[in-house]
Amino acid sequence: MSVVALVPAAGRGVRLGLGMPKALVPVNGESLLLRAVRGLLAAGCVQHVVVAAPPDQVELVAAELAELPAAHVVPGGAERTDSVRIALDAVEQVAPDARVVLVHDAARAFTPSSVIQDVVRAVEEGAPAVIPVLPVSDTIKRVDEAGDVVATVDRSELRAVQTPQGFAIEVLREAYAAAGDIATDDAGLVERIGGKVRTVAGHPNALKITTAFDLAIAESVLVEGAP
Ligand code: CTP
Ligand code: MG
């Protein structure tokens with residue numbers, strides 16, 4: 001019984017603004033995607049990785065990952081949901097014995113091994129869905145359309161969600177079979193079908209690289225590895 005990770009990497013990286021898919025953006029000479037996939041395999045509990053690449057750059061992405069024979073590349077879709085769905089469909093060929101599936105953004109390339117291991121362990125112990133989370137440090141307010149404050153939300157019960165998210169494979173298949181077009185959060189699809197979602201501790205280094213600021217943080221702080 002194996003663990004397979006799906007890595008949606010078919011986004012355009014519009015907010016980063018470098019004119020190339022974010023997954024292929026280098027940080028100190030190595031792409032976010034190569035770092036993310038290597039990180040998954042280095043955790044020691046993931047046997048296969050299915051990467052959803054920009055459909056017009058499948059060969060380039062496969063070449064990028066040539067050093068990692070456990071990585072398989074499929075053409076992604078128009079939205080992240082489509083990319084995850086396509087990668088999930090490929091699991092039957094790539095890893096027919098997979099019982100646990102992770103979904104991990106290529107953009108979270110510096111996720112520590114311990115987070116990956118904790119997510120896999122929690123699924124193997126019986127949780128149908130598992131997400132790494134962090135407490136929210138900013139004060140959060142609800143505002144109306146005019147921008148006036150309606151309420152201050154109780155921060156103590158809020159969590160920011162990271163990846164990898166882990167699932168019993170039949171649970172994720174059922175959630176995607178029931179899903180509509182667009183969802184940014186895979187665990188949210190499990191919630192919609194009434195499934196329980198457990199949390200484990202996330203890590204600041206698992207931040208999603210979205211903007212030039214995030215990339216600067218990665219280059220200056222994260223590239224040397226977790227403190
Ligand atoms: N993703 C994907 N397929 C899409 C859109 C996004 O596989 N059609 C992936 C991205 O490659 C990324 C992850 O989903 O690894 C999270 O998406 P995001 O951070 O929004 O990345 P981009 O869509 O590339 O960035 P932007 O929204 O700024 O264009
Ligand atoms: Mg996007």
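**Close-up views of a predicted model**

View 1. Pro8, Gly11, Val14, Arg15 and Ser83 come nearest to ligand 1 among the 23 residues around it. The structure is a predicted model. By residue class, the shell around ligand 1 holds 10 nonpolar, 6 polar and 7 charged residues. Ser83 is also one of the buried residues of helix α3.

**View 2. Helix α3 and its cover.** Helix α3 runs over residues 80–94 and has 15 residues. From the first C-alpha to the last the helix reaches 20 Å, close to the 21 Å expected at 1.5 Å a residue. Which residues of α3 are buried? They are Arg80, Thr81, Ser83, Val84, Arg85, Ala87, Leu88 and Val91. An α-helix has 3.6 residues a turn, so residues three or four places apart point the same way. The buried residues of α3 are covered by elements including the strands β1 (2–8), β4 (48–53), β5 (71–75) and β6 (98–103). Helices α5 (169–178) and α6 (186–192) are also part of that cover.

View 3. In α1 (residues 32–42), 8 of the 11 residues are buried, so the helix is mostly covered. The buried ones are Leu32, Leu33, Leu34, Arg35, Ala36, Val37, Gly39 and Leu40. Just after α1, Gly44 takes a positive phi of about 85 degrees.

**View 4. Val4 in strand β1.** Val4 is found in strand β1. Is Val4 buried or exposed? Val4 is buried because 26 other C-beta atoms lie within 10 Å, where 20 or more are required. Leaving aside neighbours within four places in sequence, the contacts of Val4 are Gln47, His48, Val50, Val91, Val94, Ala95, Ala98 and Val101. The C-alpha atom of Val4 is separated by 37 Å from that of Val153, 149 residues apart along the chain.

**View 5. Hairpin of β8 and β9.** Strand β8 (residues 141–143) pairs with strand β9 (residues 149–152) in the antiparallel sense, over 3 bridges. Ala151 in β9 is the bridge partner of Arg142. The hairpin has 5 residues between the strands, and Gly147 takes a positive phi near 90 degrees. Lys141 lies in β8 and is exposed, because 11 other C-beta atoms lie within 10 Å and the limit for an exposed residue is 12 or fewer. Beyond neighbours within four places in sequence, Lys141 is in contact with Val149, Ala151, Thr152 and Val153. The C-alpha atoms of Lys141 and Ala151 are separated by 5.7 Å, with the two residues 10 apart along the chain.

**View 6. Backbone details in two loops.** Asn28 has a positive phi of about 45 degrees although it is not a glycine. Where is Asn28 placed? Asn28 is in the loop between β2 (26–27) and β3 (30–31). Asn28 counts as exposed because 10 other C-beta atoms lie within 10 Å, against a limit of 12 or fewer. In the other loop, between β10 (159–161) and β11 (165–168), is Pro164. A cis peptide bond joins Thr163 to Pro164, with omega about 10 degrees.

Methods: Residues are numbered from 1 along each chain as its sequence is written. Chains are lettered from A and ligands numbered from 1 in the order in which they are written. This is a predicted model: local features need pLDDT of at least 70, side-chain atom pairs count only at pLDDT 80 or more; totals for chains, interfaces and linings use all residues. A residue is near a molecule or strand if its C-beta atom, placed from the backbone, lies within 6 Å of it. Ala, Val, Leu, Ile, Met, Phe, Trp, Tyr, Cys and Pro count as nonpolar, Asp, Glu, Lys and Arg as charged, and the others, Gly among them, as polar. Helices (H or I, at least four residues) and strands (E, at least two) are DSSP runs, numbered from the N terminus. The expected span of a helix is 1.5 Å times one less than its number of residues. Two residues are in contact if their C-beta atoms, placed from the backbone, lie within 7 Å. Two strands pair if DSSP finds at least two bridges between them.
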